[in-house]
Amino acid sequence: MIANNLKIIDNVLYFGGRSTIELAEKYGTPVYIMDEPTIRENCRRYVRAMKKYFGESSKPFFASKACSFKRMYSIVESEGMCADVVSCGELYTAKAAGFNMKNICFHSNSKNDFDICFAIDCGVGCFACDNEEELEAINHFAGEKGIKQDIIFRVTPGIDTHTYEAVNTGKVDSKFGFPIETGAAMCITKKALSLPNINLVGFHCHVGSQLFESSVFVRSAEIMLVFIAEVKKETGFEAAVLDLGGGYGVRYTENDPVIDIEDNIRQVAEYVKSKCTELNLNQPEIHLEPGRSIVADAGITLYRVGNVKQIEGYKNYVSIDGGMTDNPRFALYESEYTVVAADKANDKCDFPCDLVGRCCESGDIIQPRIMLPGSIKRGDLIAVLTTGAYNYSMASNYNRIPKLPVIMLNGAEDYVAVKGETLEDIIRNDM
Ligand code: LLP
């Protein structure tokens with residue numbers, strides 16, 4: 001199995017020590033199932049390794065876009081994580097969960113006046129400032145509210161991480177942040193230092209997602225530290241914070257490598273230390289922003305088969321009771337997933353098929369070209385693995401399909417972390 005929270009016992013898939021058959025009977029399908037101990041262990045790995053190698057002042061921020069609901073913020077906060085948010089919706093959710101607003105960094109490349117004011121009023125710790133208009137707006141509203149606002153600048157180090165294009169964000173021509181290469185990052189830094197209501201604390205970069213090579217993080221640390229040294233030389237300002245973003249990869253299939261995050265952090269930390277010495281810099285407080293690697297393997301999605309369609313001489317389809325509305329990642333990025341017939345998990349898989357959703361759209365594919373047991377039929381249980389990241393958070397109501405509940409497992413206990421939407425919810429805002 002691709003994660004150690006998965007097991008097969010008596011031909012049944014178990015997740016977090018629990019039978020998927022029993023969970024499906026108790027909560028119905030389709031349903032997201034998440035395992036709280038796995039989330040906690042994933043947080044601890046970052047907290048431990050960062051403290052050990054980057055020092056006590058370092059901070060892991062949970063990139064909450066990966067999976068945002070109240071209970072999630074409480075879990076990660078209780079494990080010592082800060083959080084990054086990209087919208088007032090995420091910020092509001094964190095606030096409602098009682099998250100310490102000082103430990104939140106507000107991202108997004110297009111924050112409007114409402115976003116900025118709302119975040120300042122919430123007492124958000126820091127803005128990751130993305131562009132000049134935003135800098136001016138933060139300065140303006142902070143002044144109006146009589147505060148000096150901490151910000152970090154998002155800069156693009158000019159790295160092509162060769163991950164899939166939609167998440168390849170560190171290149172010079174990215175929509176995010178200020179490129180270092182063109183001089184824009186230096187220019188905006190000088191401007192920020194001259195603004196009365198802005199407290200520039202450091203710099204941020206995020207070069208991509210689903211990354212497995214530690215060399216990528218070392219390379220971006222190098223470019224960022226050289227930039228920090230140049231800023232120091234030109235302006236006298238020495239950044240107190242360096243945020244290296246998120247991006248560590250997870251295993252969607254057996255083909256994905258196992259990544260040793262602790263060792264990876266050790267390598268980056270050693271590099272940062274030696275580079276700071278070489279550049280005569282004090283080591284900045286290091287921030288990381290893991291999202292996927294905190295929650296992905298803490299989630300699976302359970303569905304029931306609706307029908308099996310065999311087109312003689314062409315192909316076979318297995319349709320389920322969910323689809324791109326609860327998991328749009330294949331439709332968007334052709335992402336790979338591991339699919340298991342959860343109630344016949346050891347049966348021989350000799351039936352080639354595409355696993356497709358219920359939406360009125362041919363692109364509603366969860367995973368093409370998979371193998372399932374030949375006996376697969378209506379009512380059988382299907383588990384799609386590693387769906388804890390960017391599934392619930394990217395879910396939609398296309399075709400007016402209600403969003404699924406999120407059920408959290410905690411050893412022998414289980415609880416509803418997010419209620420499933422009802423048909424009533426679907427028309428809630430209709431006038
Ligand atoms: N920090 C920043 C500024 C980011 O933009 C992201 C992800 C992260 C941290 C977290 O990266 P992670 O550790 O999760 O790789 N919807 C896509 C992923 C989009 C990632 C966007 N930014 C997907 O489903 O693959």
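This is a predicted model: local features need pLDDT of at least 70, side-chain atom pairs count only at pLDDT 80 or more; totals for chains, interfaces and linings use all residues.
**View 1. The start of α9, with Asp260 and Glu262.** Here a side-chain oxygen of Asp260 comes to within 3.3 Å of the backbone nitrogen of Glu262.

**View 2. Helix α9 from end to end, residues 261-279.** With 19 residues at 1.5 Å a residue, α9 should span 27 Å. The C-alpha atoms at its ends are 26 Å apart, so the model agrees with that expectation.

**View 3. The buried and exposed residues of α9.** Ile261, Asn264, Ile265, Val268, Ala269, Tyr271, Val272, Lys275 and Cys276 are the buried ones. They take up an arc of only 165° around the axis, which means they lie on the same side of α9. Turn to the face pointing away from that buried side and you'll find the exposed residues Lys273, Thr277 and Glu278.

**View 4. What covers the buried residues of α9.** The cover includes two helices, α2 (36-54) and α8 (214-235). It also includes β13 (285-288) and α10 (292-295).

**View 5. The largest cavity and its lining.** The structure has two cavities of 30 Å³ or more, and the largest holds about 50 Å³ of space. Its lining is made up of Tyr32, Ile33, Met34, Cys67, Gly299, Ile300, Thr387, Gly388, Tyr392 and Val406. Strands β4 (31-35) and β14 (299-310) each put in at least two lining residues, and β4 gives the most, with three.

Definitions and conventions
Residues are numbered from 1 along each chain as its sequence is written. Side-chain values use heavy atoms; hydrogens and water are left out. Helices (H or I, at least four residues) and strands (E, at least two) are DSSP runs, numbered from the N terminus. The expected span of a helix is 1.5 Å times one less than its number of residues. Buried means under 20% relative accessible area, exposed over 50%, partly exposed in between (1.4 Å probe, protein chains only). The arc is that of the directions from the helix axis to the C-beta atoms. Contact means heavy atoms within 4.5 Å. A polar contact is a pair of N or O atoms within 3.5 Å; within protein, one must be able to donate a hydrogen and the other to accept it, and residues adjacent in sequence count only if both atoms are side-chain atoms. On a 1 Å grid over the protein atoms alone, a cavity is a set of points where a 1.4 Å probe fits but cannot get out, and a pocket is an open set with protein on both sides within 12 Å along at least five of seven lines; lining residues have an atom within 4 Å of a point. Grid points are joined across faces, edges and corners, and a volume is the space filled by probe spheres set on the points.
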